[in-house]
Amino acid sequence: MEGMMQAFSLVGAPDEERILALLSRLGYVVADACSTSASYTYFDTQGGVFWKLGLRLTLSRGDVVWQILKGHLPEATLAGLSVSDVLDGDSIEPIHSLTRGQRLLPYLEAAVVDRTMRLSFREAWVGTLHFHFVEFQSPLDREQKADCRFAFFEPRFEAPLEASHLNTMLRDLGGLATVEYEPFAAGIDLLDLTPPGAPFPRELALLPADTAATVAAKILARQAYQMRANTAGAVQDLDPEFVHDIRVATRRARFALRRFRGIVDPDRARARRDEIAVLARSLGSVRDLDVFTERMKAHLSRIDAPEGFSKRVLALVAPRREAAQEDLVRELRSEQYLKILEELSDARGPLFAPPGPAEDARSLGARLVRRAVRGVRRDTTGDVRTFAPERLHRIRIAFKGLRYTCDFFKEVFADEIAEVSRHLAAVQDCLGDLQDGVTALHLLGELRDTSNSKPAELLALGALLQVQREEMARRTAEVALEIPQVRQRLRKLGRALRPFDVRDERPADPGASRRGWPPDADLR
Amino acid sequence: MRIAFLSDVHSNFPALAAALASARKRGAEKVLMAGDVVGVGPHPVEVIRFLAGEQVPAIQGNHDRQLLDLTRGEKALRKILKRKRGKKAVLAWTALQLGEPERAFLTGLPASVSFDVGPVRVLMVHGSPKGDTDYIYPSLTRWSLLAKLGELRPDLLVCGHSHIPFCKRLAGVHVVNAGSVGVSVDGDPRGAYALADVENGRVRCRIVRFSYPVDRVQSDMAARGVPS
């Protein structure tokens with residue numbers, strides 16, 4: 001079975017009998033009925049690489065199967081691979097070229113009983129009729145199960161139009177509900193699971209005409225959606241990216257609660273921010289250690305370390321990571337966490353009670369983005385290479401705020417924001433690495449303090465510190481190069497959004513500023 | 001006996017399915033089809049297979065005849081489809097959809113059907129007894145009816161072709177235009193057919209209108225690339 005196909009959703013066996021009776025009335029002859037069973041698991045990365053591309057990866061007792069939904073195929077076939085080959089993923093293309101080493105996770109299990117029959121019309125074989133009975137189960141929660149039945153027709157290659165004819169007749173005569181059938185999507189929908197990569201539901205998409213209150217509600221609901229979607233994976237510690245995504249969502253939620261001052265209830269917003277801050281600390285504890293571990297693995301491969309040194313470095317974090325994970329799981333299973341999610345998701349709840357300013361999404365977005373642009377331009381004046389770590393941290397926060405704001409409103413200002421998004425991400429990644437580097441240096445310092453002073457180990461530690469510092473210097477140089485260009489682009493962005501910022505009462509004529517209007521140095 | 005007369009389905013399968021369901025619900029014991037099985041709509045194969053499977057007696061309409069007259073190979077039909085617009089393009093498209101069994105069905109359709117229900121003589125034609133492109137409208141007069149009938153004197157004359165349904169009695173003849181199942185032109189988007197009750201030598205007729213999912217037909221026309 002390839003791709004989405006038109007199928008009929010069946011309630012049960014009576015529907016099957018009705019279909020067969022109808023086909024007989026229409027002159028079709030059904031023969032050679034047989035049944036086969038198969039069980040398989042759908043895999044994808046935490047970020048939903050395959051889902052986004054319209055590819056499906058199923059593994060079943062050693063068989064790897066690509067199910068292609070869109071037009072393109074992977075560059076190499078995967079027949080004959082074993083489950084362990086794929087899950088280890090050391091040298092298998094094209095999975096690696098798509099996943100870039102990210103872990104493959106099980107998302108859905110399906111057990112299918114496929115009853116097939118050969119269909120003929122006027123003694124000519126036209127195709128195969130399938131009745132699928134599918135049982136779905138979530139691999140993460142065995143209690144989540146559901147089943148469904150579908151019927152669909154697979155025409156002979158030489159008679160592709162037969163499917164269309166038959167589907168029309170069954171649809172209009174049988175009164176059966178037609179669906180676009182794709183088992184993974186059907187199972188996700190039936191079990192009410194979040195698809196891989198947690199794409200936002202359509203109802204949370206921003207529309208230009210949305211009121212300010214609706215914008216705030218949707219943006220906060222998105223963060224709650226992200227948090228909820230990644231909770232099970234974080235609790236079960238399946239992949240570090242689950243924790244990362246929840247952490248990003250908490251940061252955005254806190255940022256939004258502050259930025260939407262005047263639109264959300266201030267007391268409730270403050271209370272939620274404080275509660276989310278507690279959660280954020282638990283997330284940060286786990287995430288920082290995960291980042292340190294990945295970073296050190298990369299650095300250790302570049303130095304000539306004595307035997308056992310690598311293990312000692314990584315063992316430094318293991319017990320801390322375990323304790324941090326336990327703490328995090330407690331937070332994620334708490335009533336408080338559920339209440340946070342509920343309140344952020346409830347557009348009619350007390351958090352969104354104030355009527356909000358009379359702005360629409362475009363005006364609000366333009367105002368907030370331009371404000372964030374001003375903040376970044378103010379903080380980045382000067383030679384970046386001379387900035388102390390504390391100032392770089394402040395700049396990182398400012399860039400993060402700008403990036404969040406741009407992400408919030410990118411549907412409303414798609415072209416304008418797309419111009420700067422890539423550059424903002426590049427700067428933020430550099431600044432983020434610098435901050436992670438500060439954390440890494442601190443942890444390595446602890447290792448130095450606890451070392452047993454073996455010369456070889458001290459040398460290796462010194463090498464590690466040197467590698468870390470070199471990387472930080474390289475990143476600082478990158479930031480220094482990138483920031484002036486970004487400032488130019490941000491100036492352009494501010495100008496592009498100005499017509500939508502209804503609260504900006506300055507005249508459009510720049511000469512007016514010379515005639516006595518208050519200067520806005522950050523946007524020139 | 002209650003008889004349902006359908007006409008001018010024009011390859012509209014949802015309408016045909018709805019018409020038959022409506023007729024059966026109203027107790028029709030016999031169903032007949034007064035021509036123009038194909039042309040216009042996106043489901044020529046489905047309509048033909050269904051009529052054949054249900055063994056609905058049918059006659060040939062002008063669209064059916066004109067399609068069969070369009071005897072060309074696939075290449076020529078595709079050329080017509082590419083270069084022409086309107087009815088010819090639609091007929092070419094329809095001809096490309098049909099296989100041999102469907103063509104054989106249309107070829108085997110008679111030009112008219114006449115039968116008796118007790119003492120009542122029934123004549124079913126597509127346009128009029130004069131031909132499949134002649135029209136019978138509600139404005140029909142006694143004189144024009146007699147001119148169209150010639151020597152024939154049915155008790156019940158059933159036709160289609162104009163897509164404007166009506167029943168009237170003229171010169172001792174019940175004249176019924178069954179309207180159109182698949183392509184309504186009188187401002188009412190619903191399909192139409194005629195129900196005739198024939199009992200003890202007496203005839204009573206009425207027009208029945210029925211709804212069907214027009215949006216499905218529209219989306220199928222777009223999906224299948226039917227020329228407009």
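Tutor: Let us begin with the term helix: helices are DSSP runs of H or I with at least four residues, numbered from the N terminus. The model before us is a predicted one. In chain A, helix α12 spans residues 361-379, and R362(A) is found in it.

Student: Is R362(A) buried or exposed, or does it fall in between?

Tutor: The general idea is a pair of cut-offs: buried means under 20% relative accessible area and exposed means over 50%, with partly exposed in between. R362(A) has a relative accessible area of 27%, so it is partly exposed.

Student: Which residues does R362(A) touch, apart from those up to four places away in sequence?

Tutor: R362(A) touches P208(A), V412(A), F413(A) and F500(A). A further view comes from A212(A), which is 150 residues from R362(A) in sequence, while the C-alpha atoms of the two are 9.2 Å apart in space.

Student: How would the reading go for K218(A), and in which helix is it found?

Tutor: K218(A) is found in helix α7 of chain A, residues 212-235. Its relative accessible area is 11%, so K218(A) is buried. Beyond its neighbours within four places in sequence, K218(A) is in contact with E203(A), L204(A), A205(A), L206(A), L207(A) and D210(A).

Student: How many disulfides does the structure hold?

Tutor: A disulfide requires two cysteine sulfur atoms within 2.5 Å. Over all chains, the structure holds 0 disulfides. C430(A) is in none, and the nearest cysteine sulfur, that of C406(A), is 18 Å away. C430(A) counts as buried, at 5% relative accessibility.

Student: Let us turn to backbone angles. Where is R122(A), and what is its phi?

Tutor: R122(A) has a positive phi of about 50 degrees although it is not a glycine. Its place is in the loop between β5 (105-121) and β6 (124-137) of chain A. With a relative accessible area of 48%, R122(A) is partly exposed. In chain B, H10(B) also has a positive phi, near 50 degrees, and is likewise a residue other than glycine. H10(B) is found in the loop between β1 (2-6) and α1 (13-25). H10(B) is buried, with a relative accessible area of 2%.

Student: How is the packing of two helices described, for instance that of α5(A) and α2(B)?

Tutor: One considers the angle and the distance between the axes. Helix α5 (residues 161-174) of chain A and helix α2 (residues 44-54) of chain B pack at about 60 degrees, with axes 9 Å apart. The two helices are therefore oblique to each other, and their crossing is right-handed. E162(A), S164(A), H165(A), T168(A), M169(A) and L173(A) of α5(A) make the contact with V45(B), E46(B), R49(B) and F50(B) of α2(B). By class, this contact has 4 nonpolar, 3 polar and 3 charged residues.

Student: At what angle do α9(A) and α15(A) cross?

Tutor: Helix α9 (residues 266-300) and helix α15 (residues 455-497), both of chain A, cross at roughly 110 degrees, and their axes come within 10 Å. Angles of 65 to 115 degrees count as roughly perpendicular, and α9(A) and α15(A) are therefore roughly perpendicular to each other. R295(A), M296(A), H299(A) and L300(A) in α9(A) meet L464(A), V467(A), Q468(A) and E471(A) in α15(A). These contact residues divide into 4 nonpolar, 2 polar and 2 charged.

How values were computed
Residues numbered from 1 in each chain as written. Chains lettered and ligands numbered in written order. Predicted model: local features only at pLDDT ≥ 70, side-chain atom pairs only at ≥ 80, totals over all residues. Heavy atoms only, no water. Buried < 20%, exposed > 50% of the residue type's maximum accessible area, 1.4 Å probe, protein only. Contact = heavy atoms within 4.5 Å. Axes fitted to C-alpha atoms, helices over the stretch in contact; angles between N-to-C directions. Parallel < 35°, antiparallel > 145°, perpendicular 65-115°, else oblique. Left-handed = near helix turned anticlockwise from the far one by under 90°. Nonpolar A, V, L, I, M, F, W, Y, C, P; charged D, E, K, R; others polar.
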